[in-house]
Amino acid sequence: MEHFRDSGRNAPVADRRVFHIVLSGPPRPGLAAKIQAWWGGWPWGQLALLAVFAALGTLFIGNVLENMARIGILPGFAFLSSSANFEIGESPIAFRAGDTYLRALVAGLLNTLKVSLLGCLLATILGVAVGVAGLSRNLLLSRLVRWFIEITRNTPLLLQLFFWMALAKALPAPRQASGVFDAVFLTNRGVYIPSLYFVGGPFGIVAALGIAAIATLVLIVLLRATGRLTRRSGMVATGLAVAAPFAFLLLVGARPAAELPALSGFNIRGGLNLSPEFAALLTGLVVKFAALIAEIVRAGIQSVGKGQWEAARALGLHDGHIIRLVVMPQALRVITPLTTSSYLDLTKDSSLAVAIGFPDLVSIVNTTANTTGQSMEALIILIGAFLTINLALSALMNIYNNRVALKGSRR
Amino acid sequence: MTTRLARALPGLRAGLFGTRANTLVTLATLLLLWQTVPSLLRWAVLDATFTGDANACTRAGACWAFVTAKLHFILFAFYPPDLQWRPLLVIVLLCAILAASALPRFWGRGLILAWPLTIVACWLLMQGAFTATPIPSNQWGGLPVTLFVWALCFAAATPIAVLLALARRSNLGGLRTFAVLYIELMRGTPMVAILYVAMLILPMALPDGLSIDKMLRAIIMVTLFWAAYIAEVIRAGLQAVPNGQAEAATALGLGYWRIQGLVILPQAFRIVIPGIVNLAIGFLLATSLLAVIGIFDLLNAARASAADPQWLGFYNEAYIVVAVIYFVICFGASRYSQWLERRLGNNGAAPA
């Protein structure tokens, strides 16, 4: 705004004349003409075709409503507040049979989000590691990585999930399970890992992380809006946003505590228990998408020309610096958009949970549709939720992509 | 042999023990292999049971006897045993048309005509035409179902995808908006949700008296779903054809459809064929989702085979067999895609 006002005041005379000529030119096209231009050629044909689609849609929806009426189901979302008489195996929020369908669906959505977010995070870490290992000059390692990638890429994800599920069920019972460093136990009742938590605070560690994430996002958006976002201010904002909730917890007297899982009686107590279904789903998603991301990372790094390495070496940089300062900034331009679509695919593929019995959004929607008969509404909720997640994720990744993209080529 | 080995040896030594760091990596990798490979080998070969019945199998090793006994079931599931030459013929037909489509020599009008004919022939064979009792689709299963659904949906989705891509690229505002909404809706939705629509909504949406079986409903919805993905790949190809082509064709007095059909689409297809092959590989893997709605495709048949009371619980063996089948097809296809990319890259001109 400032900029425009300045240039207006100091604009040379010639500019003002141009402005004048434009004003007295032919009248700008009206709204109707604009719409007509946008609608383009073959106007009536388009209209007829769209009318046919609309008629088909109306016919189908009409049939669905009629069929629902015949079996005595009232269309609409009123069922959300009636009580759901099923149990959910695991849920981030408390859920008992008798709670509302809305609560059940939220529990399913949170499960989907939990496994998707964790999956994206772990798949990225593992994928980058595997991708870099695949580029290693060591023949044995790169060959091994090649085979790992080919096998995971060329077999169905569902098959891999079944395999991990069979493996999870075949693990020893808690009594026979041997711990890894006495901290992680793989048993047929799930995976036990150490848990971290705060004793005596108003909220837990997950909530603290959630607050930190939201605060970071808000601060970054604010900085962007005021045009003060730089690498440094972004880091400071992130640091503050993460430190604040934990500092608050410590100030009000909460003490951090860690708990190791330990065998007591016939079961393992303490620590965090990941159910076999969750562990299998997460492992399957992480392994499959790590292989995909590894391929993307490899392609990205290989897309950086040899000359770049040679020039950087000639400047006397050593390998670590070359990768961080020269190769990665260029490789990220290739990697980021491809990884984004991997993340979207991972989120969508987390819906395979329904096949191995993890209560994600899809399986809750399925149960809801079967118990209430409101299948259309349930599926509308399902598709709407996934569209929203997808749009949000791709919007976030677009912001990041704009940061790494070639300056001047932003679109 | 020995000379080749001698020539490869220096490279091998440099690749494994070139520098100190490299030697360390080799040793670490060997340690990892030492931890995993022997126990795998013991399970798969040394402790495995190759012949006999379920009682002969120990839990310590793999039970390959299970595979010999149940391979038939994994491949054909519940198809009536005395008629299993029909699905076998379907596999042969589909492999033949796929092989013909894979070779640039056969690309042409004949192939486009052969596809629908093959699909119809497969359909007739599967449903037991010309026999006393038709075979309902809930008895179909195994590899032929996987291949058939895949080929049919892909073949049916491609023309829809071409129309969607053309609409999205056109200057017809109404149709363009429709195409964008359709494509983004489909691509934002998981395939499982689409299959649930086929299972739960489609039967209710059809007019009274018209009911179609589960297999056909799944095929319809999967076709509509895949069309959106193929459309995006074709659109990339359309964008890569220079504007001058369409302008030159217009100058020659061709109409829209002839421009697209004779000038633009052939070039666009040639550009995106590797992309389409990659998409096809993904789709073949995705057909396994049919298991979620209870269709006995290859994967579900394998799972069902291990639920046989006589051979209870040999899931790992069943999954390995299926994994090998999927792997052979998909790995072969991805190698083919690389070969094709090189070939099309080498001589951009149309191969005769």
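B:Phe78 touches B:Gln139, B:Gly141 and B:Phe296, leaving aside residues up to four places away in sequence. Touching here means contact: C-beta atoms, placed from the backbone, within 7 Å.

Two points on conventions. This is a predicted model, where local features need pLDDT of at least 70, side-chain atom pairs count only at pLDDT 80 or more, and totals for chains, interfaces and linings use all residues. Residues are numbered from 1 along each chain as its sequence is written, while chains are lettered from A and ligands numbered from 1 in the order in which they are written.

Back to B:Phe78. Where does B:Phe78 lie? In the loop between α3 (64–76) and α4 (85–102) of chain B. B:Phe78 counts as partly exposed, because it has 15 C-beta neighbours inside 10 Å. The scale is this: 20 or more other C-beta atoms within 10 Å is buried, 12 or fewer is exposed, and in between is partly exposed, with C-beta atoms placed from the backbone. B:Phe78 also pairs up in space with B:Gly142: 64 residues apart in sequence, 8.3 Å apart from C-alpha to C-alpha.

B:Ala77 sits in that loop between α3 and α4 of chain B as well. Its phi is near 50°, a positive value in a residue other than glycine. Is B:Ala77 buried or exposed? Buried, because 24 other C-beta atoms lie within 10 Å.

A:Trp42 is not a glycine, yet its phi is positive, about 55°. A:Trp42 is placed in the loop between α3 and α4 of chain A. With 16 other C-beta atoms within 10 Å, A:Trp42 is partly exposed.

Now chain B as a whole. It has 13 helices and zero strands. Its C-alpha atoms fill a box of roughly 75 × 65 × 35 Å along the principal axes. Chain B has 352 residues, and 35% of them count as buried. Take the contacts in chain B between residues at least 6 apart in sequence: 67% join residues at least 24 apart.

Chain B is divided into domain 1 (2–46) and domain 2 (69–346). Those bounds come from an automatic or database domain assignment. The C-alpha centres of domain 1 and domain 2 of chain B lie 41 Å apart.

One helix of chain B deserves a slide: α6, residues 143–169. Its 27 residues should span 39 Å at 1.5 Å a residue, and its end C-alpha atoms are 38 Å apart, which agrees. The expected span is 1.5 Å times one less than the number of residues. Where does α6(B) bend? At B:Thr158, by about 30°, and a proline, B:Pro159, follows within four residues. The bend is the angle between axes fitted to the seven residues ending there and the seven starting there. α6(B) is mostly covered, with 22 of its 27 residues buried.

A closer look at α7(A). It has 14 residues and reaches 20 Å from first C-alpha to last, close to the 20 Å expected at 1.5 Å a residue. α7(A) is mostly covered: ten of its 14 residues are buried. Among them are A:Leu157, A:Phe162, A:Trp164 and A:Ala168.

Last, strands in chain A. Two strands pair if DSSP finds at least two bridges between them. Strand β1 (residues 185–187) and strand β2 (residues 190–193) of chain A run antiparallel, joined by three bridges. β1(A) and β2(A) form a hairpin with two residues between them. In β2(A), A:Val191 is the bridge partner of A:Leu186. β2(A) also pairs with strand β7 (residues 272–274) of chain A, in the antiparallel sense, over three bridges. There, the partner of A:Ile193 is A:Leu272 in β7(A).

Definitions and conventions. Two residues are in contact if their C-beta atoms, placed from the backbone, lie within 7 Å.
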